[in-house]
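Hi everyone, thanks for coming. I'd like to walk you through a structure that may be new to you, so please have a look at the screen.

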Amino acid sequence: MQQQTSADMNLLWGQLILEELARLGVKHVCMAPGSRSTPLTLAAASQTQITRHIHFDERGLGFMALGLAKASNAPVAIITTSGTAVANLYPAIVEAWLTHVPLIVLSGDRPSELIDCGANQAIIQPAIFAGYAKQVNLPTPDIGYPASALLSAIDHAVTNQHQPVHINCMYREPLYPTELVTLAHVKKTASVTTTTYLAPLNTWFDNNKPLTRYAGLNCAELPSTDTLMRFVHGKGVIVVGTLSPADNPQLIVALAQKLGWPVLVDAQSQLRQHPGVIGHTDQLLLNPKASKLLEQAERVLVFGGRFVSKRLIQYLAQQAWHSYWQMLNHSDRLDPTHQNKHIWQASVQAVCQLPWPRSSDANWALQLLPYNESLESVLKQQIDNTSFGEAQVVRAVAANQTEQHILFIGNSLPIRLYDMYAPIATNTPAIYTNRGASGIDGLIATACGVAADKKAPTTLLIGDLSCLHDFNSMALLKQMTRAFVLVIINNDGGNIFNLLPVPDESLRNDFYRLSHGLEFGYGAAMFGLAYRQVDDIESFQQAYQEAFEFNCASVIEVNVAPNQASDQIAQINQWVKQH
């Protein structure tokens, strides 16, 4: 009898936790199979307000949750069992911590008497994520621990949190109750003991709000009208780093037109292809005329951070700025060159709605616009109308996007090729990346999470090593119910290292590039995915267009020579410098 009471108490705590998370805004829960997390799994199974996602690989599961949280702008819960299942979440938690994505890990754990004594699947789970996640270490469910204390602990940990939280849940066996009932049914049919235990929550049961309601954070210190007038007095530029689609970055274009300052953009700004900005910033900084003009800038207004282009980073670092303002959503330090600056913590919308006056040197850099358009013509000539290659595919993908599309760009070469060469366009997609730690792991899973929330046509553009690194997540592609195109650029290894000054070619091949000689056709077949292999732009364009005719995932493998992209980059760089 006591054993069954323990199982029921485990489940009750799990149900209280999941219900409170739903009230706190959690819309998705990602779950991996496991026994020790059973109370949480059964609670999630009976929770009607949260969409459930299942995956057998905790590493991919964590990244899928990351994508869901990025797309939904809401916290996402992750349920895992004990042991290395929790450790497999580490890469996704690191990425989420660096980029302020609210993931909530609910890990099943052994009770304290089974830790460090040889018990099966038992490791020390508290603080496993070190400083990358806020800790909540719950005791084993016990009637002596008030239900209200449990809920208030969850509220305190999750509310206003923009980075990961780890809630470690210790459960004693038995884990499986004889009867599975909902939380509402428990309240109605509870025993005398349970009724007494839940009595302090009577008001909570009667509404749909969290037990403890915290006011939102308000740190809206913004520049005054006089401060704005002093700042815009002179030649200035606006630089836009990483922003999410929800940040409304188009408002920055309108602000720039009001000020009369040019907008230099990063690949992750959501504005890289916008016709009203200087999209080809990275390449223009190679050109003596364009870079000489930009050197006249005295003031800079930076939105976001985490730039892809090293040339843009160097430009910000080398200028003797009279005034340097950076606008951030969170109190971060996003400047590896440590400039003397003023950081304003505010949203893009709040900043753009300020009473900005027109600059005293408005339109000082109008010549950048024809430079930008001229460079676009060069890229059409040097990339679109030449031999097949990686940059040509990246430009073709970018040119085929609309405002209804999602484009997830992988790390290493794909994001750099997009940053350097993406075409100017009238319609641009929502751009997603994983550039906190800039790793190649979990890219398929993260993109699947974004697509699962947005339910929009999605393209994932990655390299061959990135695909191999997250190969288990191909199983998630099978679950897609909208068009999802995985474009794999297979250059047979890590050819980003062709761009780096490795001192010896044999060292580059043996320890960096790691040629593998693999193709992905059989892998796609294993997961039941439609597959095409292409080696010319006409075949790619046809396969890419056809892939969007079906509400499922498909794979297009693009085969290119190992040195094609690096040779072309060097050639274009030389041309831009000289012309």
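Let's start with an open sheet: six strands in the order β2-β1-β3-β4-β6-β5, paired in parallel. Who stands at the edges? That would be β2 (51–54) and β5 (134–138); each has a single partner strand, so one side of each has no neighbour in the sheet. On average, neighbouring strands here are turned by 20° against each other, direction ignored.

Before I go on, a word on what you are looking at. This is a predicted model, where local features need pLDDT of at least 70 and side-chain atom pairs count only at pLDDT 80 or more, while totals for chains, interfaces and linings use all residues. Residues are numbered from 1 along each chain as its sequence is written, and side-chain values use heavy atoms, leaving out hydrogens and water.

Two strands pair if DSSP finds at least two bridges between them.

Five bridges join β5 to β6 (residues 165–170), and the two run parallel. If you want to find that pairing on screen, look for Lys134, which stands opposite Val165 in β6. Packed on the sheet is helix α6 (residues 147–158), touching β4 (103–109), β5 and β6, and its direction makes about 170° with that of β5. Contact here means heavy atoms within 4.5 Å; axes are lines fitted to C-alpha atoms, for helices over the stretch in contact, and angles run from 0 to 180 degrees between N-to-C directions.

Asp116, in the loop between β4 and β5, has a positive phi of about 60° although it is not a glycine. Is Asp116 buried or exposed? At 74% relative accessibility, Asp116 counts as exposed. The cut-offs are under 20% relative accessible area for buried, over 50% for exposed, and partly exposed in between, with a 1.4 Å probe and protein chains only.

Now to helix α19 (residues 443–454). Its 12 residues should span 16 Å at 1.5 Å a residue, and its end C-alpha atoms are 17 Å apart, which agrees; the expected span is 1.5 Å times one less than the number of residues. Of those 12 residues, 10 are buried, including Leu443, Ile444 and Val450. Lys455 counts as partly exposed, at 47% relative accessibility.

Cys448 sits in α19 as well, among its buried residues. Taking a disulfide as a pair of cysteine sulfur atoms within 2.5 Å, the count comes to zero. The nearest cysteine sulfur to that of Cys448 belongs to Cys467, 11 Å away.

The largest nonpolar core has 90 residues, and Ile238, Phe303, Trp356 and Phe540 have the most contacts inside it. Such a core is a set of buried Ala, Val, Leu, Ile, Met, Phe, Trp, Tyr and Cys residues joined through side-chain atoms within 4.5 Å. Apart from it lies another core, of 53 residues, among them Val105, Tyr432, Ile488 and Phe527.

Key
Helices (H or I, at least four residues) and strands (E, at least two) are DSSP runs, numbered from the N terminus.
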